[in-house]
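Hi,

Here is the structure I said I would pass on. Have a look at it first, then read my notes below.

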Amino acid sequence: MWDSIWLALLGCGVGVLSGMGVGGGSLLIVLLSAFMQVEQVTAQGVNLVYFLPAAAIAVLIHWKKGNIDAGTAAAGTVAGLVTAMAGALLALNMESSLLRKFFAGLLFFAGISEFFSKKEEQTIDDTSSKSYNSK
């Protein structure tokens with residue numbers, strides 16, 4: 001009973017973070033494997049099932065706003081499908097503890113890269129803020 005409640009709360013929390021662009025899928029895998037004692041491969045499978053409806057909603061919203069270039073999306077989809085298949089086959093044939101270490105390393109290097117990357121500062125010059133405020 002409590003496991004189901006925790007899993008539902010976890011899904012809601014990760015959904016909110018995903019909607020904010022935080023990368024909830026990676027967080028979902030960590031939370032499932034570290035706190036719910038779910039096998040790494042199973043947690044990654046759950047993440048993939050979670051991702052499908054979340055991505056479908058995001059695609060619809062971005063499509064309606066005109067944020068999707070069809071050619072780029074098609075090329076990315078084909079490349080993503082091929083590499084997802086290769087990654088899934090690799091993960092299924094890898095020992096769970098080794099897969100967990102690779103995933104931890106990936107998260108570590110992604111975090112370090114994000115920490116040391118330079119972000120462009122967004123500034124609003126006086127003319128654009130005046131014209132915006134005058135509307």
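Let's start with a question: is S33 buried or exposed? S33 is buried, because its relative accessible area is 11% (buried means under 20%, exposed over 50%, partly exposed in between, with a 1.4 Å probe and protein chains only).

Before going on, a word on the source: this is a predicted model, where local features need pLDDT of at least 70, side-chain atom pairs count only at pLDDT 80 or more, and totals for chains, interfaces and linings use all residues. Residues are numbered from 1 along each chain as its sequence is written, and side-chain values use heavy atoms, with hydrogens and water left out.

Back to S33, which sits in helix α2, residues 24-35 (helices are DSSP runs of H or I, at least four residues, numbered from the N terminus). Leaving aside residues up to four places away in sequence, S33 touches V38, Q40, A43 and R100 (contact means heavy atoms within 4.5 Å). A polar atom of the S33 side chain lies 2.8 Å from the backbone oxygen of I29. For the backbone oxygen of V30, the distance to a polar atom of that side chain is 3.4 Å.

Now for Q37, in the loop between α2 and α3 (40-64). Q37 is exposed, because its relative accessibility is 63%. Its phi is near 55°, a positive value in a residue other than glycine.

Last stop is F109, in helix α5, residues 96-116. With a relative accessible area of 59%, F109 is exposed.

Cheers

Conventions
Helices (H or I, at least four residues) and strands (E, at least two) are DSSP runs, numbered from the N terminus. A polar contact is a pair of N or O atoms within 3.5 Å; within protein, one must be able to donate a hydrogen and the other to accept it, and residues adjacent in sequence count only if both atoms are side-chain atoms.
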